[in-house]
Amino acid sequence: ADVFFAKGSGSIWSGNTPHRSPSPYDTEGGEYPRHLCYVTGIIDQPKITTFERILWRTCRGNVFVRIAEITDEDPIGMYNSDGDYTPKSAFICMFQGEELKARVMKICNGMGARIYPCKEKVAER
């Protein structure tokens, strides 16, 4: 088993295999690079597990989600309408296509996430 996980041992992780999945930036064969869409926002920490599960099942595994806990000393917007403290996490969803974007946005709105704009071009971010 150690040989399989060893770096550069010719496994699928070394990148030397012909069965490598295509990157969105591959342009071989005259294809245009695929366009990635991003949705960023903030969600309550108790809702994270449900949020990830709903995204995975609804989008059939075609959404990549990264989540980071917000650990600010002076949290703004960390209190709900009752005045109770609710820890929050920031997230970014990456996917391809307008249909998935509509699904992700609907899920974010349904889960009460606060959405923030994310520039499409790397240079503008």
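This is a predicted model: local features need pLDDT of at least 70, side-chain atom pairs count only at pLDDT 80 or more; totals for chains, interfaces and linings use all residues.
Residues are numbered from 1 along each chain as its sequence is written, local features need pLDDT of at least 70, and side-chain atom pairs count only at pLDDT 80 or more, while totals for chains, interfaces and linings use all residues. Side-chain values use heavy atoms, with hydrogens and water left out.

**Stop one: strand E1.** Select residues 37-44, which form E1; helices (H or I, at least four residues) and strands (E, at least two) are DSSP runs numbered from the N terminus. Seven of the eight residues of E1 are buried, so the strand is largely enclosed by the rest of the structure. Buried means under 20% relative accessible area (1.4 Å probe, protein chains only).

**Stop two: its partners.** Two strands pair if DSSP finds at least two bridges between them.

**Stop three: Gly-41.** Zoom in on this residue of E1, which is buried at a relative accessible area of 5%. Its bridge partner in E4 is Ile-115.

**Stop four: the core.** Which residues have the most contacts inside the largest nonpolar core? Select Phe-51, Phe-91, Cys-93, Phe-95 and Val-104, out of 17 core residues. Such a core is a set of buried Ala, Val, Leu, Ile, Met, Phe, Trp, Tyr and Cys residues joined through side-chain atoms within 4.5 Å. Finish on helix H3 (98-110), which gives the largest share, four residues.

Definitions and conventions: Buried means under 20% relative accessible area, exposed over 50%, partly exposed in between (1.4 Å probe, protein chains only).
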